[in-house]
Amino acid sequence: MTLYNVPSKHYFRLHHPRPRFKNDIENVLIYFASEIAAIGRKRIRDFVLDFDFAIKKYPGNLTKTQKTINNWRTEIDALFSFIEREGDYLKPSKRAIELATNQDLVKFFKLFCYHFQYPGGFLKPHVNLEYLRNGINFRPCSYILELLTEAEAQEGVRVGISKSEATHCIFNDLRVTRDGRTPKATWRLIRKNRQMDLEYDWRGDVIRYAGDILDYMVQANLLVSRPNHKYYINQTESIAIRRFLNPTNDLFDYYNEIADVATLTLSEVKELDAEWVSYFNTPRDEGFFDTDILALVADTTSQYQELKSLIDLDRIIAEGGLSSTGSIGSIGESLILNHEKKRLVQEGRPDLEHLVKLIPTQYAIGYDINSREINETHRNIEVKTTSSTTPLAFTRFHLTPNEWSAADSNKERYFVYRLMVTKGSIKLCVIQDPVGNYKNGNLSAIPRNGMDIIFDPNKCGIEETLLI
DNA sequence: CCTACCCGTGTG
DNA sequence: CACACGGGTAGG
């Protein structure tokens, strides 16, 4: 057995903060984004105190030392840029607010993968300086997608790569990260190594950095991992992948901002790192990376087509006046519209089916769908959709001021349909009269531009099967 | 000194 | 043997 190593003159290990929550990443990210959004803009000291308190409240953190809490606070933020600094103040970043409000983790990870690069502001300035002096200039997610696309075209079959191949043939090789070796040439190397039966150092601490990026790409639904521990292009996400292959021209380039790398100082790098946070929060059109719920639920292209024809979103959209086909919110609404019609038929009132209507958003009456009970009284439904590749506790959602006051005035006629879309499954939880439940202490609500709701499924909310 | 990514090493 | 705690350590 022979080990493949990057020739030492080309070796440069790429690094980023190690997340301390990989097993629980979706829950931690939703929790962090929600808590940070709830804290709002505060003086640094107060912000940190509030944030520390929130981190300690996270399950399992009560007994952790202050040192560990500090590490959670700074490392997660360094990697995901959840907090922006404004003089003596800290405030939630755009991405944090988006995630807290929309709870679209798949879209969040697509945006993360799209903007992530080396060098980057997640590194300590002196480490980043080292990267700059070495001329590192590397966007891992675009590169991996290009490589797999190229390899599939060449081989004529589905192609996957492993964490160790990504580490030793891509991430840690300056010929890729500095010199921009073509994906085609890199694939030639990987294939040659396979033919020669070369092994790689695959110890956890060696391959974990490239491995993290591959895992984040799975969270973004760009790649799928198979039981052979290799990562493949997700065929149902071709539109999003095309964006990675043809990126916009507004991505952050340290080298554009630097006159001369040789005389670059630490404090100059620090200034650039501050710009990194705002770059990482670049505003993007709502439809830039819309999560295609059906692409998330489907495992294969044929399954995707089947679902698409079954649900016939286009017809629902045409009839119901949905503004866009894109956001998970609108797709969630059309799924529930379909669900309500089927429910009335099942419960013996097919004559009421035609009364189930989507309410165009411009009316802003505080709910999405007008439906009926079998006794013909109104059922006003607000749909709250979360998407994630793996299941997570979905007991949090956000109600706007409008929605909260509609819930307050409609009382038991107001329903929140909590929809959790994960890879391969859809879960639905129905919460009746959220304001009433709040007053009874069955559900907690914290004001933030409306209300951040946390419900306990044992106290309120009934799990139902989504009718398709 | 303190802060904040860095990362050795214990654990399950 | 992968993961994450909490000490390490460089810079402020």
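Is Cys 169 buried or exposed, and what is its relative accessible area? The views below come from a predicted model.

View 1. Cys 169 is buried, with a relative accessible area of 0%. Its closest cysteine sulfur belongs to Cys 141. The two sulfurs are 18 Å apart, too far for a bond. A disulfide is a covalent bond between the sulfur atoms of two cysteines. The structure holds 0 disulfides.

**View 2. Cys 429 and Cys 460.** Cys 429 is in no disulfide. The nearest cysteine sulfur, in Cys 460, is 7.8 Å away.

**View 3. Tyr 114 meets Phe 244.** A search of the whole structure finds 42 aromatic pairs. One of them joins Tyr 114 and Phe 244, with ring centres 5.5 Å apart. Their planes stand at 80°, so the pair is edge-to-face.

**View 4. Phe 288 with Arg 243 and Arg 284.** Arg 243 lies over the face of Phe 288, 4.0 Å from the ring centre. The charged end of Arg 284 also sits over the ring of Phe 288. Here the distance to the ring centre is 4.9 Å.

Key
Residues are numbered from 1 along each chain as its sequence is written. Chains are lettered from A and ligands numbered from 1 in the order in which they are written. This is a predicted model: local features need pLDDT of at least 70, side-chain atom pairs count only at pLDDT 80 or more; totals for chains, interfaces and linings use all residues. Side-chain values use heavy atoms; hydrogens and water are left out. Rings of Phe, Tyr and Trp (its six-membered ring) pair if their centres lie within 6.5 Å; planes under 30 degrees apart count as stacked, over 60 as edge-to-face and the rest as tilted. A charge sits over a ring if NZ of Lys or CZ of Arg is within 6 Å of the ring centre and within 35 degrees of the ring normal. A disulfide is a pair of cysteine sulfur atoms within 2.5 Å. Buried means under 20% relative accessible area, exposed over 50%, partly exposed in between (1.4 Å probe, protein chains only).
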